Amino acid sequence: FLTLDDFNFDEKRVVLRVDINCPIEPNTGEILDDKRIREIRRTVTELINKNAKIVILAHQSRPGKKDFTTLKNHAKVLSDVIGKEVEYIDEAIGSRAREAITKMKCGDVILLENVRFYSEEVLSDWKKWEGITPKKQAETNLIKKLAPLFDYFVNDAFAAAHRAQPSLVGFSYYMPMIAGRLMEKEVGVLSKVLENPERPCVYVLGGAKADDSIRVMKNVLENGTADKILTSGIVANIFLVAMGYDLGVNEEVIENLGLKNQIEIAKELLDKFEDKIVVPVDAALNINEERVEIELNKDEKVEHLINDIGEKTIELYSEIIKEAKTIVANGPAGVFEKEAFAVGTEEILKAITNSKGFSVIGGGHLSAAAELFGVADKIDHVSTGGGATLDFLAGEKLPVIEMLKESYKKYKSQ
Ligand code: 3PG
């Protein structure tokens with residue numbers, strides 16, 4: 001990638017795309033967790049110190065969702081985070097925004113309006129790379145109006161790197177696309193664990209979005225980087241069903257989540273990698289909101305909802321995690337929002353922080369749990385990405401990263 005070290009930003013106008021999509025209280029608009037805003041501090045302050053004029057583009061949520069809001073509060077939080085006034089402009093491409101941009105002084109920071117307020121940004125086909133060329137995105141009004149105002153495009157939006165929207169890739173057609181410091185850090189850490197981890201390398205995969213976890217599992221088993229996979233949550237239930245356990249009502253949950261097709265994939269993975277995939281030996285059932293632990297065995301049907309892993313599984317997984325040199329975790333082990341079923345997630349997170357291995361966690365849910373249990377600071381890398389991190393670990397090509405590579409090829413000699 002091209003990085004902030006490769007250019008002289010003195011007096012230059014920089015368009016900086018970030019991902020500060022945050023959890024928001026829909027009624028008050030209050031930002032509930034500002035991690036993503038804190039994580040872009042390094043890039044923003046470095047550009048200020050290098051005497052650039054910085055215009056930030058970002059999104060919040062998607063059209064139709066309750067937290068699809070303006071970025072007014074984001075500007076306030078960002079001002080606090082960088083210790084300097086960030087001017088918020090409630091539009092992105094109109095004459096008022098463009099005039100403000102042309103009048104900026106060195107070191108000024110402007111945050112433009114939620115870029116997904118503009119339909120071109122959210123038109124069909126942007127979720128994946130197929131059918132989209134950066135040229136097509138470069139020809140949108142959004143980019144055509146803004147691009148002439150800038151010298152450089154810095155992309156620090158790792159959490160949106162799996163999107164091919166105009167604001168994420170379009171500018172690269174007109175100017176160098178440079179990785180911000182957060183982008184560099186995320187891609188550096190995740191590439192290392194994916195390509196060249198210290199061993200043993202253990203993946204701890206849980207949560208309800210089991211298809212995402214199973215995509216990751218398939219990739220890291222097939223490319224040989226995972227030595228063990230510890231399953232929990234719905235992911236574990238899918239593997240237990242694939243192994244012939246009768247999980248009763250839990251099988252309906254799998255079906256209702258649209259995940260029945262994952263059982264076949266689980267069977268195929270078990271055929272090839274049985275020795276690497278570990279499933280729970282016991283479970284905590286939710287019986288009228290009470291925690292009741294049972295041992296799992298193939299001859300007994302499970303009559304209630306599984307809401308957590310049991311004590312023996314916690315012990316077994318903690319032992320394996322203790323010996324690991326690399327740990328990658330995604331998704332909670334149980335319904336940690338309910339106190340009675342939080343112990344599995346909490347203990348696994350503690351085992352991860354107590355292990356000497358290098359730890360990486362991804363996905364919003366597990367990072368929220370790590371915050372809740374006060375262990376987030378002890379994790380070596382809490383990725384800012386949700387879908388982007390999972391796509392990366394699943395070995396998929398991410399549009400933003402592909403364009404960063406292109407830009408490097410195009411501009412490296414200049
Ligand atoms: C995220 O929260 O994962 C990113 O901001 C991307 O959001 P999206 O899934 O709406 O594109």
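Helices and strands are DSSP runs, a helix being H or I over at least four residues and a strand being E over at least two, and both are numbered from the N terminus. The model shown in these views is a predicted one.

**View 1. Arg 116 lies in the loop between β4 and α5.** The loop that holds Arg 116 runs between strand β4, residues 109-111, and helix α5, residues 119-122. Arg 116 counts as partly exposed because 19 other C-beta atoms lie within 10 Å, whereas a residue is called buried if that number is 20 or more. Leaving aside neighbours within four places in sequence, Arg 116 is in contact with His 59, Arg 62, Pro 63, Glu 121 and Val 122. An unreviewed UniProt entry places the feature "binding site" at Arg 116, and also at Arg 36 and Arg 163.

**View 2. Six strands form an open sheet with parallel pairing.** Across the sheet the strands follow the order β3-β4-β2-β1-β5-β6. The edge strands are β3, residues 87-88, and β6, residues 177-179, each of which pairs on one side only. Strand β1, residues 13-17, runs parallel to strand β5, residues 152-155, and four bridges join the two. In this pairing, Arg 17 stands opposite Asn 155 in β5.

**View 3. Ile 20 is placed in the loop between β1 and α1.** Ile 20 counts as buried because 27 C-beta neighbours lie inside 10 Å. When residues up to four places away in sequence are not counted, Ile 20 touches Arg 36, Ile 37, Ile 40, Ala 58 and His 74. The "binding site" annotation of the unreviewed UniProt entry covers Ile 20, and the other residues it covers include Asp 19, Asn 21, His 59, Gln 60 and Ser 61.

**View 4. Arg 36 is located in helix α1, residues 35-39.** With 22 other C-beta atoms within 10 Å, Arg 36 is buried. Its contacts, not counting residues up to four places away in sequence, are Asp 19, Ile 20, Asn 21, Cys 22, Ala 159 and Thr 384. Arg 36 is also among the positions that the unreviewed UniProt entry lists under "binding site".

View 5. The UniProt "binding site" annotation, from an unreviewed entry, covers Asp 19, Asn 21, Arg 62 and Arg 163, among others.

Key. Residues are numbered from 1 along each chain as its sequence is written. This is a predicted model: local features need pLDDT of at least 70, side-chain atom pairs count only at pLDDT 80 or more; totals for chains, interfaces and linings use all residues. Two strands pair if DSSP finds at least two bridges between them. UniProt positions are given in the numbering used here, feature names are shortened, and annotations may be inferred rather than shown by experiment. A residue is buried if 20 or more other C-beta atoms lie within 10 Å of its own, exposed if 12 or fewer, and partly exposed in between; C-beta atoms are placed from the backbone. Two residues are in contact if their C-beta atoms, placed from the backbone, lie within 7 Å.
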